[in-house]
Amino acid sequence: MNQALVNPELVNRVERLQADYVDCIDDERYADWPGFFLEECLYTIISRDNARRGLPFGFLWCENRRMLRDRIASMKNANIYEPHTYRHVLGRTSVRPAEAGGWRARTSYMLARVMHDGGMDLFSTGAYEDWIVEDEGTLRFREKRVVTDSGRIDALIVIPF
């Protein structure tokens with residue numbers, strides 16, 4: 001597939017990737033989550049304020065798939081946290097060619113957190129700003145930057161989003 005071409009088929013594939021990504025998290029298939037990324041990748045969660053000011057650091061920084069796997073292992077084996085799950089709602093995805101190959105995509109999200117006792121709240125809103133490439137016929141994230149609208153997170157981020 002031509003890396004620069006953006007057509008309806010590609011947009012559908014990117015939206016399917018986004019839907020599969022959030023379904024993986026919402027369905028608690030956390031062991032599958034690193035598979036959405038290239039081996040050499042970047043996953044960050046950063047506030048919109050920091051992103052606009054060009055400040056690279058935020059709430060979370062993982063710079064390869066091994067770090068993503070470690071994140072899941074620590075979540076299952078080391079972290080102590082109140083059990084909860086997420087439910088994502090996604091907006092439409094805009095896609096454009098990336099200068100270094102692949103595509104840049106931006107997708108708004110809303111994220112509800114559902115606690116083990118049934119309590120629920122709006123946990124985060126923002127946008128996924130992604131660099132997506134084709135890897136042996138499969139679209140994967142080379143970079144996924146979660147830009148949160150708020151600079152405050154009221155709890156430890158254990159589960160990726």
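Glu28 sits in the loop that joins helix 1 (8–26) to strand 1 (37–47), where helices (H or I, at least four residues) and strands (E, at least two) are DSSP runs numbered from the N terminus. The model is predicted, so local features need pLDDT of at least 70 and side-chain atom pairs count only at pLDDT 80 or more, while totals for chains, interfaces and linings use all residues. Residues are numbered from 1 along each chain as its sequence is written, and side-chain values use heavy atoms, with hydrogens and water left out.

Although not a glycine, Glu28 has a positive phi, near 60°. Its relative accessible area of 46% makes Glu28 partly exposed (buried is under 20%, exposed over 50%, partly exposed in between; 1.4 Å probe, protein chains only). Glu136, in the loop between strand 5 (120–135) and strand 6 (138–148), is another non-glycine residue with a positive phi, about 55°. Glu136 is exposed, with 79% relative accessibility.

Turning to the strands, strand 3 (residues 84–97) and strand 4 (residues 103–115) pair in the antiparallel sense over 12 bridges; pairing requires that DSSP finds at least two bridges between two strands. Tyr86 stands opposite Arg113 of strand 4. Five residues separate strand 3 from strand 4 in a hairpin, and Gly101 in the turn has a positive phi of about 105°.

Finally, Leu122 belongs to strand 5 and is exposed at 52% relative accessible area.
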